[in-house]
Amino acid sequence: MADHGHHDPGFLGKYVFSNDHKVVGMQYLVTGLLMAIVGGYFAYVFRMQLAWPGMNIPLYGQLDQSAYNGFITMHGLTMIFWVAMPVLLAAFGNFLIPMMIGTDDMAFPTLNMLSYWVFFLSTVFLIASLFGVNEFDRKTGEILSRGPYGGGWTMYPPLSAQADMLGVGGYGAGKLIPHLLSGGNLLITAVALEFISFSMGGINFLVTTINMRADGMGIMDLPICIWMLDLACVDFMFSVGPLIAGAVMLLFDRTLGTGFYDPNRGGDPVLFQHLFWFFGHPEVYVILLPAIGFVSDITATFARKPVFGYKLIVYSGIIASGLSFVVWAHHQFIAGIDPRMASFFSLTTIAISIPFAVIVFAMIATLYKSSIEFTVPMLWALGWMCTFLVGGVTGIYLGSAGFDIYGHDSYFVIAHFHYTLVPSTLFAGMAAIHYWFPKFIGKMFNDTIGKLHFWLTLVFFNLTFFPIFFYGMAGQHRRIYQYTIDNHPSMVQYQPIRQFVTYMLIGLIATQALFFLNMIMSVFGGEKASKNPWKANTLEWVADSPPGHGNFHTYPKVYRGPYEFSVPGRDSDYWPQNEQ
Amino acid sequence: MSSEARVVRLSNVPKGRMAMWLLICGEIVIFSGGLASYLIYRVRFPELGNVTDILNIWLGGINSIILLVSSFTAVSAHAAANRKDAGKMAMYTWLTVLLGLVFVGIKAFEWSGKLGHGLTISPGIFTQGAETVDWPDILGHGVSYFSYYFFLTGLHLLHVVVGAIALTISMLRVKSSGKNWQWVEMSALYWCFVDIVWIFLFPLLYIVR
């Protein structure tokens with residue numbers, strides 16, 4: 001029996017310091033969704049400034065230049081590290097890995113709990129960094145202004161490596177604390193803690209998948225979702241190291257006055273860019289691969305057809321994960337790298353689009369001649385395919401050094417990566433939440449509100465980000481507080497488009513209220529979910545909805561792959577993995 | 001489409017050992033980042049050439065031998081744990097930790113010598129009241145060689161301390177409970193990794209010209 005013996009762990013043990021992978025997953029999910037509200041708020045504030053410079057922004061007030069820089073920085077960091085990663089990788093990795101491989105919990109449940117609480121601590125540091133010290137009087141130590149770090153989410157030196165707060169007298173009494181609590185230092189600490197948290201999670205995910213699969217489940221019987229989550233962990237764990245070293249060096253530059261990155265002190269600013277992007281680019285796939293996993297699984301279930309080219313998708317994922325380690329310098333084509341190196345990285349970047357193209361073609365082939373059920377999760381999955389395609393295709397433009405030299409740091413880049421990251425987080429994330437919510441909460445979402453939410457989001461998303469391509473192509477530079485006749489004369493004419501984009505963004509954010517409404521309504525009053533509401537094959541649907549502690553009543557045995565839909569000569573059109 | 005239960009061989013590596021190897025792989029990438037940065041720095045400034053002469057190669061060499069011997073004792077502790085010989089296991093672990101402490105002591109001696117000559121991780125630090133300090137001419141490019149020296153050896157020293165704590169805790173807990181013998185193996189594995197990192201650091205920091 002896989003049911004654990006009942007002993008009451010108490011409220012704290014059950015919901016707060018819980019070892020149970022489902023509770024840990026839920027904690028990640030809730031934290032991620034709350035941080036999405038924070039990140040969305042940042043976007044709203046600086047978009048208002050761009051549309052109507054100098055206005056008194058509702059819910060904020062006047063945004064000055066350094067606060068503008070702080071908000072764009074924090075928007076990027078929050079959305080990538082505190083929304084996309086916890087929701088896609090940590091929350092669903094925790095939910096799905098033990099359930100889909102048919103076991104009762106993670107390999108190291110306590111490590112799992114710790115990984116969440118380290119992540120929580122990192123969130124506290126992130127929020128504290130919003131109120132970090134910006135300037136203080138070097139003589140008296142008095143704090144003059146507070147605010148978030150404003151050097152861009154990539155934290156490029158030499159700007160970020162300034163130790164100017166060290167001041168005369170170095171670490172005199174009373175001057176130590178304000179200096180150390182600057183927004184940048186708190187931010188670097190927050191990011192470092194997050195890396196520790198996800199490394200612990202990654203080890204746990206990989207060991208669980210390798211060692212704890214159900215009886216009869218070979219690695220080619222794993223749902224694509226699990227493959228992709230694990231590949232994302234591999235990408236993360238083996239790329240983050242140099243940045244951990246690099247972040248410590250950056251922190252030393254800021255606090256001890258070393259010169260690792262400061263050219264005035266013999267350092268090399270481009271070194272940080274290499275260390276950063278060696279991690280930063282695989283990080284993109286850390287977000288993308290789980291999204292591909294969710295969409296593949298959901299597409300197969302609602303197309304009632306086996307996934308087209310299971311092995312093809314898996315091998316493409318493996319190849320893409322491998323290639324992701326050798327594409328990083330395409331972020332640095334104008335950073336003064338050797339042109340021969342630029343050719344190499346252009347080649348690898350364009351090469352990495354091949355496996356992803358294979359995966360998307362395989363998804364389309366799955367849909368071909370299938371009987372599609374347009375449920376809410378399926379709509380989100382199809383929405384991911386359509387929108388991600390735009391982001392992927394524009395990535396090929398930017399991957400070639402020739403175009404990138406023109407497009408670098410323009411709004412074209414902004415539009416491109418919002419078309420990759422937002423579909424992966426919002427569309428694939430919503431697909432996953434709507435698909436697995438009945439399993440983990442035991443309630444069904446309201447279908448009408450769900451569909452309304454999807455269609456409005458699809459329309460507003462495209463209207464928000466597509467116009468950005470136009471003024472990006474026109475050469476509008478990113479990270480500019482205000483486009484005036486003096487600093488960017490040719491960009492003034494695009495003011496109406498900037499205003500339109502801001503209106504649409506407000507629409508996009510407001511639409512998300514429907515989701516939160518739907519979630520709250522479903523949790524408290526939704527229709528009860530059956531064990532297998534979508535008639536899917538994978539093992540998590542064998543357990544109760546919601547699964548109890550220990551997940552399964554008896555450990556399931558696996559007899560076949562995860563996608564045996566519409567098997568000829570069988571009455572029902574699905575064939576769960578555990579059924580003989 | 002067969003309905004017979006299939007026999008699938010799961011990995012026969014215990015989960016603790018697998019996790020430790022993954023951790024070590026992750027750590028290797030961290031040290032690679034630091035070492036690569038240092039090597040790029042040395043290549044950028046070939047005129048730094050004999051900067052390594054400033055370090056005492058004998059102290060570094062003795063430390064290398066100490067760590068190598070400590071790896072042997074760590075492995076012996078593991079072998080004793082495999083035989084479930086608690087006494088031998090404890091003895092070899094204590095020996096390993098002791099050698100680790102000697103390593104830390106020699107390192108501290110080296111560091112204090114450098115710091116005493118004003119060779120700190122950066123100018124202006126630990127030197128009250130001065131914004132800039134005159135650096136020995138040999139360094140040429142401000143602070144960076146000793147920044148890297150203190151950064152890399154400091155990072156390694158941190159790992160030595162963590163490894164010694166891990167060895168002590170697992171030895172004490174295994175000895176008192178008589179269970180979880182694999183803990184000795186995991187911490188010994190980690191200790192050997194820390195040793196191997198030093199094998200890379202020593203020539204690159206002390207010898208390479």
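This is a predicted model: local features need pLDDT of at least 70, side-chain atom pairs count only at pLDDT 80 or more; totals for chains, interfaces and linings use all residues.
Visitor: How do you know whether chain A agrees with a compact globule?

Guide: With 580 residues, a compact globule would have a radius near 25 Å. Chain A has 24 Å, so the two agree. The C-alpha atoms fill a box of roughly 80 × 55 × 50 Å along the principal axes.

Visitor: Which secondary structure elements does chain A hold?

Guide: Chain A has 16 helices and 2 strands.

Visitor: How many of the residues in chain A are buried?

Guide: Buried residues make up 63% of the 580. The cut-off is a relative accessible area under 20%. As for the surface, chain A exposes about 21,100 Å². Carbon and sulfur atoms supply 69% of that area.

Visitor: What share of the contacts in chain A joins residues at least 24 apart?

Guide: The share is 79%, counted among contacts between residues at least 6 apart in sequence.

Visitor: What is known about the charged side chains of chain A?

Guide: There are 27 positive and 33 negative side chains. The centres of the two sets lie 3 Å apart.

Visitor: Which residues touch the most other members of the largest nonpolar core?

Guide: They are Phe92(A), Leu96(A), Trp384(A) and Trp436(A), in a core of 233 residues. Helix H3, residues 65-100 of chain A, gives the largest share of this core, 23 residues. A second, separate core has 9 residues, including Ala77(B), Met89(B), Met171(B) and Val184(B).

Visitor: What does Trp384(A) touch?

Guide: Residues up to four places away in sequence are not counted. Among its partners are Leu288(A), Ile292(A), Val295(A) and Met363(A). Trp384(A) also touches Pro423(A), Ser424(A) and Phe427(A).

Visitor: Why is Pro533(A) called partly exposed?

Guide: Its relative accessible area is 22%. Buried means under 20% and exposed means over 50%, so a value in between is partly exposed. Therefore Pro533(A) is partly exposed. Pro533(A) lies in the segment after helix H16 (495-525).

Visitor: What is Pro533(A) in contact with, beyond its neighbours within four places in sequence?

Guide: Pro533(A) contacts Pro438(A), Met444(A) and Trp541(A). Pro533(A) and Met444(A) are 89 residues apart in sequence. Their C-alpha atoms are 8.7 Å apart in space.

Visitor: Why is Leu59(A) called exposed?

Guide: Its relative accessible area is 72%. Exposed means over 50%, so the label follows. Leu59(A) is found in the loop between helix H2 (21-51) and H3.

Visitor: What makes the phi of Leu59(A) worth a note?

Guide: Phi is near 75°, a positive value in a residue other than glycine. Most residues other than glycine have a negative phi.

Visitor: How do you know whether Lys369(A) is buried or exposed?

Guide: Lys369(A) has 73% relative accessibility, so it counts as exposed. The cut-off is over 50%. Lys369(A) also has a positive phi, about 55°, although it is not a glycine. Lys369(A) sits in the loop between helix H11 (339-367) and helix H12 (376-399).

Visitor: Where is there a cis peptide bond with omega of about 5°?

Guide: That bond joins Pro157(A) and Pro158(A). Pro158(A) is in the loop between strand S2 (143-146) and helix H5 (176-180). Most peptide bonds are trans.

Visitor: What is the omega of the bond from Ser545(A) to Pro546(A)?

Guide: Omega is near -10°, and the bond is cis. Pro546(A) is placed in the segment after H16.

Note on methods: Residues are numbered from 1 along each chain as its sequence is written. Chains are lettered from A and ligands numbered from 1 in the order in which they are written. Side-chain values use heavy atoms; hydrogens and water are left out. Helices (H or I, at least four residues) and strands (E, at least two) are DSSP runs, numbered from the N terminus. The radius of gyration is taken over C-alpha atoms; the globule rule is 2.2 Å times the number of residues to the power 0.38. Buried means under 20% relative accessible area, exposed over 50%, partly exposed in between (1.4 Å probe, protein chains only). Contact means heavy atoms within 4.5 Å. Accessible areas come from the Shrake-Rupley method with a 1.4 Å probe; for residues, only the protein chains shown count as cover. Lys and Arg count as positive and Asp and Glu as negative; His and the chain ends are not counted. The place of a charge is taken as NZ of Lys, CZ of Arg, CG of Asp or CD of Glu. A nonpolar core is a set of buried Ala, Val, Leu, Ile, Met, Phe, Trp, Tyr and Cys residues joined through side-chain atoms within 4.5 Å.
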